[in-house]
Amino acid sequence: MKKKLKSKKNTKKISNKDNKFFESQYQILFDFKKKYGLYELGLMSNFTWHNDPKRLLFMLSRYKFVAKMLNGQKNCFEMGCGDAFGTRIVRQVIKNVCAYDIDNIFIKLNKKENLNNPNFNISFINHDILKKPLPKKFSSGYSLDVLEHINPKYTSKYFSNIKKSLLDDGIFIVGMPSLESQKFASKESLEGHVNCMKAQDLLKHCLKHFKNAFIFSMNDEVLHTGFFPMSNYIFCLCVGVKK
C-alpha cells in the first residue's frame, strides 16, 4: 500500500541567484527597477489599462503625432495634461515642457511620480485657461481631449487665452473626438463631452485666432487626411497668432 504523501507549500523565496536572466543584456531591467522603482500608469491610464487596453495605443499615438509636429521647438506647453502618461513622448523631442491642468489632484500626483525619474523633468502646474493666459509665452503648445469638455460658450475664451500664451509665430495643436463619433462613445465619455465638433467647425474656430490651420484625422491609431465625417478623432494644427 502506497504511503500517502503530505503536500508541502512552496515557500522558497527568490534569491539573488534567481534574479539572473538567461540573456545577460536583460539584467539592466532589474538595475533600472532598483534605481527608479516601477512606474505607475496614472489614474486615467490605469483605468484604461484595466477596461480597454487598446485605448492606450490610441492615446499614445496622438502624443506621437504632436511630438512629430513640434519636434525642434524651443519650448512647449500642454493644456489639460490629466495624468500626463503620454507627455513624456513630447518631452523626448522638446527639452522644456510645462504641463498644465485645471484639476490640482492630477498636478500633485504627477509631481510625485515625476520625482522617480529625473530624466523626464517636466514642470506640472495648476491653471485654468478660461480665466487667464499662461504666465509666460511659449513657442508651441498642444491640448488633447480638452476642448470637448468646455462649455461651447467659452470656446472663444479658450482659444483667445491659448493664443495669448504663444509667441507671434507659435504653433498650437488641438485634438478632440469628432462630433460624428459620439454615437459610438461610452456613457462615461458622453457625460463629459459637451463640445465635440465636426472638422470644418473646429477649423473655423482655429482660423479666427491663427493665421494658418490644417485639419488631420485619426481612426484608432491611424493618422490620415481622408473623409472627415468618417474619422473618430480630429486634430487642427495652427500656425501664427492673429492679433
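The model is predicted: local features need pLDDT of at least 70, side-chain atom pairs count only at pLDDT 80 or more, and totals for chains, interfaces and linings use all residues. Residues are numbered from 1 along each chain as its sequence is written, and side-chain values use heavy atoms, leaving out hydrogens and water.

Helices (H or I, at least four residues) and strands (E, at least two) are DSSP runs, numbered from the N terminus. The axes of H6 and H8 cross at roughly 45° and come within 10 Å. Axes are lines fitted to C-alpha atoms, for helices over the stretch in contact, and angles run from 0 to 180 degrees between N-to-C directions. H6 is therefore oblique to H8; angles under 35 degrees count as roughly parallel, over 145 as roughly antiparallel, 65 to 115 as roughly perpendicular and the rest as oblique.

## Who meets whom

Contact means heavy atoms within 4.5 Å. H6 brings Thr155, Ser156, Phe159, Ser160 and Lys163. H8 answers with Leu202, His205, Cys206 and His209. These residues divide into 3 nonpolar, 5 polar and 1 charged.

H6 is mostly covered, with 7 of its 9 residues buried. Buried means under 20% relative accessible area, exposed over 50%, partly exposed in between (1.4 Å probe, protein chains only). Tyr158, Asn161 and Ile162 are among the buried residues of H6. The buried residues pack against E1, strand E4 (138–144), E5, H8, E6 and E8.

## The nonpolar cores

A nonpolar core is a set of buried Ala, Val, Leu, Ile, Met, Phe, Trp, Tyr and Cys residues joined through side-chain atoms within 4.5 Å. The largest has 29 residues. Phe77, Leu147, Tyr158, Ile162, Phe172, Leu202 and Cys236 touch the most other members. Elements that each supply at least two residues include helix H6 (155–163), helix H8 (199–209) and strand E8 (233–241).

Cys236 touches Phe172, Leu202, Cys206 and Phe214, among others, not counting residues up to four places away in sequence. Another core, of 27 residues, lies apart from the largest one. Among its members are Ala67, Cys76, Val90 and Ala99.

## Helices H2 and H3

Helix H2 (residues 43–51) packs on helix H3 (residues 54–70) at an angle of about 135°, with axes 7 Å apart. H2 and H3 are therefore oblique to each other. Ser45, Thr48 and Trp49 of H2 meet Arg55, Leu56 and Met59 of H3.

Note on methods. Ala, Val, Leu, Ile, Met, Phe, Trp, Tyr, Cys and Pro count as nonpolar, Asp, Glu, Lys and Arg as charged, and the others, Gly among them, as polar.
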